[in-house]
Amino acid sequence: MSLVLSLISQPSQSLRHKLLLLPWGLVVIVTGLAAIGIAMLLSASGGNFDPWALKQIIRFAVGFALMITVAVTNIKFWLRTAWLIYGVGLFLLVAVKLQGSVEMGAQRWLDLGIMKLQPSELMKLGFVLVVARYVDSRGADFSGRLLSLVVPIFLLLLPISLIIIQPDLGTAVIFVIATFLLLFVAGLSWRIIGTLSAMVTVAAPFAWHFLHDYQKERILVFLDPSRDPLGTGYNIIQSKIALGSGGLTGKGYMLGTQSHLNFLPEKQTDFIFTMLGEEFGLLGGLALLLIYAVLFVYGFSIATRAASRFGRLVALGVTFFLFLNVFVNVAMVMGMIPAKGVPLPFVSYGGSSLVVMMIGIGLMMCVWVHKDVRLGPGGVE
Amino acid sequence: MKFFRRFRRRTLFGRNSFSKSNASSGFFGSPSSRPRRSRRGTNFVTARDGMREEQFTRRAIMIGGFQALLFSSLAARLFYLSVIDSSRYSTLADVNRVGLKLLIPPRGRIFDRYGEKLAINRLNYRVMLVREQAGDVAATLDALSLLIEVTDSDRQRVLHEIENKRSFVPVMVRENLNWEEVSRVELNVPDLPGLTIDVGQLRHFPHTFAVGHILGYVGAVSESDQAALGGDDPLLELPDFRIGKNGVERYYDPQLRGTAGASRIEVNSVGRAVRELSRIEAVPGHDLQLNIDIGLQEYGNLLVGDQSASVVLMDVKSGGILTMISAPAFDPNVFSSGVSPQVWNELISNPKHPLTNKSTSGLYAPGSTFKIVTAMAGLENGAITESTEMACPGHYDLGDSRFHCWRRGGHGIVNLQRALKESCDVFFYETARRVGIDKLGETARKFGFGKAVGIDMPSERGGLVPTRNWKQANYGIQWMQGDSVTAGIGQSFLQVTPLQLAVMMARLVNGGKAVTPRLKRQLIPNQAKNGGASPNHIGKEMVGQYDALKSTKISEADKAGGQFADLGFDPNHVQAVMRGLIAATNEPNGTAYAARITDAGMEMGGKTGSAQVRRISKYERERGIRPQESIPWEQRDNALFVAFAPIDAPRYACSVVVEHGIHGSWAAPIARDLLRQAMLRDKLLAGLGHEQPTPNNDGDDANPKPVTPPVAAPAPAFSPPISAPNGNDAVE
């Protein structure tokens, strides 16, 4: 109720003020990444806006609007609705299990009529918000106690168990690592870190048993790609051929043979980096990585400048998820880690990923705009 | 690091305004003061809080550093892939993308000595079906069967092949369509999605049965072919490719085959051709001109009729084979498009062995035709002279054994000429005994017996000239004088091919030159077509090659064979034997007098022979020998005849073997008519001033589009050539 009241009571001149405060460099970076992605999608379809590029442009427009809206929203709103967003995310994850569409052997998408939603993407934001809020609410006595880990781990287990059964191992792993990183910067004591590490080491062999066969196979094929050169290993081999044959400057825009002759699978989604590498070479690939690096530095800089603990954790959480997505995707297409269905943020074709990641950037910008706002535990100053 | 430190300082500065409590709870709101109580009760700034902030920054920097490290590893990996290992991956990308499609060269054609076509490439119209365009394959086949015949077996095969091939790979439905069927399908193509008419090549032999044994046939490459041919030619790997399987097609296969062209095509991941990158045209095989005179060959076939026989006619100086008949024959065309099981079974179960080339692979006891060798051996070794006389009482006794002369009453006193003329066995029994098997065998080998004479054709057999060691090794008993005696009349383990008989005749009458039989007259190279030329263009170029066929004068080509080794026979001895052979065909009482040539200047000389295929038992002999006509066909004697003509300047040698033809005089008329015809044709040509008939090019040649029909012919294993069992007894 008070939320609605505050909405009405806000004077609008401060909105202009906030817009002026927005980190426009970040907007340029995100727009640039999306533009690169759209250019590669054009190439993937041989210069046609159908079937990917046009849709991606529309999604970018929607995402852009949401990003700015989120950025200028009062950070307290996000602190308060953290649990709600987390809850909605959890609900959608259950819904996708019950009636989601099955694509490529995994049940990840929820058909909302206008678009297909991937709840696990939305959950990334809900999770960051709720962990940030929890740690913030724990105040000073968070770091030292093993007990204070119970809630975050519980908050983690709920979504990832739903994600694992989709099955989407890659995203689940990203969640686990992101959680650890968040708790680490939140001030987890080294003693607890040591204890946790020991527990994970002991639990790993048991976890192996709960993996799906295809997940085990992916790990085994990663360790030995010749195990299945035409099956699971095929994608990676073709991806490495594409990147390697690109050389220093690439084969030229729309001239990648591996991608245009369909040797490269899923070139518009998971393997879009490969396509970029084939057509623009090492220089193109490094340029893209550099843009991401600038984006992450932005994330860290915003986090370290924010006065509130909630804001710092949200900014870092979003940065961690972005980083992990980029790293897992790029490392995967270069054959450094097992194959996973992880998209390249802002570049890969896919509505949920693009829009959710842009909302994430919106949150980051929101933290920047409200960097001097001090929030007490529970959103009280 | 400096970067982060700066942030940290500014963050610490920012804390100064902390106590002002300016956080707002409004939605788009600026700070408003709506103090609320903390749920957990405490919102004091403690010393620990400051420490926590420092710790946060420190840890964020730690993670940032770690992430920078990970990112560097990505960059390093990318560098490694696209710079260090780039060439390897570039190669792999090309291996992926570039497919090599071989272009099948048109097979060289085969002509006879006058340029008549013996083997050509014909257009083969085929209906092809592409699944991805057809949609419903069964419905399309139904629609097609309303227009042309589609048998159930065709249908089953198509449905089966479609399953196993990629959707864009065409599958052959029917081939060898006639023009009417082609037009019917073409007209309805709009209503037959996925069906196209495709033109391939089919080896065609216009003279069918007449050339079967000489040319052999073509068929798909079998595994054993690949091993035999070395397998380094990539063409051999192609399922559509055909190679020579027998005869000249096999022997000259490397020359007839041509060189594969190649088309480098860009293919996508499922193998579909996207575009052609470059193209090297195929080089057609050499055209081959044979010494065969197809007119004479067909005439010989008429003479032979439906008997099981072999006829060889060769030029005694050049060794050129003008006629080589093995009857019955097969039609090589049935193999070109794949032989049906019924036809195949008929061919292999025929008791007359139509698949065996009897001229080069049929082994027979030479019978009395071998007396020519015995006579030469006797003269050359001084065992007899031309004037040596012997008494023939009708039999010849050696120790306890008695050898019979074919004339029961005997010939009385005979010399060499009369012995050859009347084929007296006793004279040659004694001659052979005097010469002995060693010298007799030596002379036989000089005449070309005992091993393959080396005609340009595969699977020629060498026959057998027995030696003492051979008998010891194979029978475990010593060579007996009686063996030598019967060898003198062409029995006693001797085995020869009809070709060897013709070669023997030629080597005698050409003055003792070791002539070798040749089917090939010349090979005429073809040019690769230039890039961009139409398929018809090749056709024209190949027509141009006829000039080469015409340019070589026959007389020159024949003279070219003059340099054969001399066998060292005394010309007087050769003349003496030839006089005997001339007497046998031209004087009354001669064994082949009835078959003489009466045209002046064309007279022939010859020697009859017959060889029994079963032993005559003593019991039978005592009961009286049954007339041959009354015993079953396969037990009757083989009839042989060797001849040469004309007698004053021998030009042609001829051998005729009629299986189970009873007596040589049955074979002689064939040789007579054929030799006469050969000489008449020469005269005709001389009258025309060596003008050769214009090769008729009525356009039934395939335009040599480098494709061959995909029908696989079974690789037939030939039944072993028949060899007539040789008896020890003389019957003439």
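**Close-up views of rings, charges and a buried threonine**

B:Y475 is partly exposed, with a relative accessible area of 48%; here, buried means under 20% relative accessible area, exposed over 50%, and partly exposed in between (1.4 Å probe, protein chains only). This is a predicted model, in which local features need pLDDT of at least 70 and side-chain atom pairs count only at pLDDT 80 or more, while totals for chains, interfaces and linings use all residues. Residues are numbered from 1 along each chain as its sequence is written, chains are lettered from A and ligands numbered from 1 in the order in which they are written, and side-chain values use heavy atoms, leaving out hydrogens and water.

View 1. A search of the whole structure finds 30 aromatic pairs over all chains. Rings of Phe, Tyr and Trp (its six-membered ring) pair if their centres lie within 6.5 Å; planes under 30 degrees apart count as stacked, over 60 as edge-to-face and the rest as tilted. A:F77 is buried at 15% relative accessible area, and A:W78 is buried at 12%.

**View 2. B:Y475 and B:F493 form a tilted pair.** Their ring centres are 5.2 Å apart, with 45 degrees between the planes. The pair links distant parts of the chain, 18 residues apart: B:Y475 is in helix α19 (residues 468-475) of chain B, and B:F493 is in the loop between α20 (481-487) and α21 (498-509). Helices (H or I, at least four residues) are DSSP runs, numbered from the N terminus. B:F493 is buried, with 11% relative accessibility.

**View 3. A charge sits over the ring of B:Y89.** The charged end belongs to B:R88 and is 4.7 Å from the ring centre. For this label, NZ of Lys or CZ of Arg must be within 6 Å of the ring centre and within 35 degrees of the ring normal.

**View 4. A:T274 is buried in chain A.** Its relative accessible area is 0%, and A:T274 belongs to helix α13 (residues 272-305). Which side chain makes a polar contact with that of A:T274? The partner is A:S239, at 2.8 Å. A polar contact is a pair of N or O atoms within 3.5 Å; within protein, one must be able to donate a hydrogen and the other to accept it, and residues adjacent in sequence count only if both atoms are side-chain atoms.

Note on methods. Helix = DSSP H or I, 4+ residues; strand = E, 2+ residues; numbered from the N terminus.
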